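This report is meant for someone meeting the structure for the first time. Please look over the sequence and the model before reading on.

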Amino acid sequence: MNERQRRELFERFKARNPRPATELEHSTPFELLVAVILSAQATDKGVNIATRKLFPVAHTPAQILALGCEGLTAYVRTIGLYPAKVKNILATCALLVERHGGEVPPDRDALEKLPGVGRKTANVMLNSAFGEPTMPVDTHIFRVANRLGLAHGTNPRQVEDGLLRAVPPEYLLHAHHWLLLHGRYTCTARKPNCPACPVADLCEYRARNLPAATALPLARKQASAPGRPRARGGR
Ligand code: SF4
């Protein structure tokens, strides 16, 4: 994908959703951190159901520590892997109180020292809570970046570095959410919805998987089809 195509891709995502945001419900960086830790291998919907009950009762590190293991477990036991997540959240709360005055530090090194917080979660926090143009790579973004041909890689760090190079700077702040939502709702793992995809004509995977007779002339055919406007700003 060349630079013009990359700009066109993100211009279309932007036109459809100018201010994308995480679907994890939160009102403070700390609530987002708890929600992100809970969301590993779980759905945002399931996490939101749990945190809608948890956060009105406990929304600071001290309050969650006061709940203790049993008290916190009661709120999150519907979420997969909850025992390890409860342990990590409590240990993270203790560190936030001891070292950071109960606040979430806006700093990668400090974030990655918190139990349950790896590079991806630190990137999510820096992007969604602190407005930094980072690129968390989850399973959706890994798949979408490789399929589109935006950034190829065999591990998340390769794809992260490739995306940081490939995404035009003016789109970098929101690129993570655009790609994630595209992967979650359109370019799904088992059955990508290519016919409804707003960036299909830019996609390497789509081009590779079209029948041979239609693969290469796609853009020309779209441009010349009677009554069909050239794709701009989504379709
Ligand atoms: S054309 Fe298909 S494979 Fe390519 S990004 Fe769109 S949905 Fe995914």
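Predicted model: local features only at pLDDT ≥ 70, side-chain atom pairs only at ≥ 80, totals over all residues.

Residues are numbered from 1 along each chain as its sequence is written.

**Overall make-up**

The protein has 13 helices and 0 strands, where helices (H or I, at least four residues) and strands (E, at least two) are DSSP runs numbered from the N terminus. Buried residues make up 34% of the 235 residues; a residue is buried if 20 or more other C-beta atoms lie within 10 Å of its own, exposed if 12 or fewer, and partly exposed in between, with C-beta atoms placed from the backbone. Of the contacts with a separation of 6 or more, 57% join residues 24 or more positions apart, two residues being in contact if their C-beta atoms, placed from the backbone, lie within 7 Å.

**Two helix pairs**

The table sets out two helix pairs, with axes taken as lines fitted to C-alpha atoms, for helices over the stretch in contact, and angles running from 0 to 180 degrees between N-to-C directions.

| Helix pair | Axis distance | Angle |
|---|---|---|
| α4 (residues 61-76) and α5 (residues 82-100) | within 9 Å | roughly 175 degrees |
| α8 and α10 (residues 172-185) | 8 Å | about 90 degrees |

Angles under 35 degrees count as roughly parallel, over 145 as roughly antiparallel, 65 to 115 as roughly perpendicular and the rest as oblique. α4 and α5 are therefore roughly antiparallel to each other, and their contact includes Ile64 and Leu72 of α4 and Ile89 and Val97 of α5. The residues of this contact divide into 15 nonpolar, 1 polar and 1 charged, with Ala, Val, Leu, Ile, Met, Phe, Trp, Tyr, Cys and Pro counted as nonpolar, Asp, Glu, Lys and Arg as charged, and the others, Gly among them, as polar.

α8 and α10, by their angle, are therefore roughly perpendicular to each other. Among the residues that make their contact are His140 and Val144 of α8 and His176 and Leu180 of α10, and by class it has 5 nonpolar, 4 polar and 2 charged residues.

**Cores**

A nonpolar core is a set of buried Ala, Val, Leu, Ile, Met, Phe, Trp, Tyr and Cys residues joined through C-beta atoms within 7 Å. The largest one has 28 residues, and Leu33, Val34 and Ile89 are among those that touch the most other members. Two or more residues come from each of α2 (29-39), α3 (44-54), α4, α5 and α7 (119-129), with α2 giving the most, 8 residues. Another core, of 26 residues, lies apart from it and includes Leu9, Met135, Ala166 and Val199.

**Loop residues**

Most residues other than glycine have a negative phi. Gln41, in the loop between α2 and α3, has a positive phi of about 55 degrees and, with 9 C-beta neighbours inside 10 Å, counts as exposed. Leu81, in the loop between α4 and α5, has a positive phi near 60 degrees.
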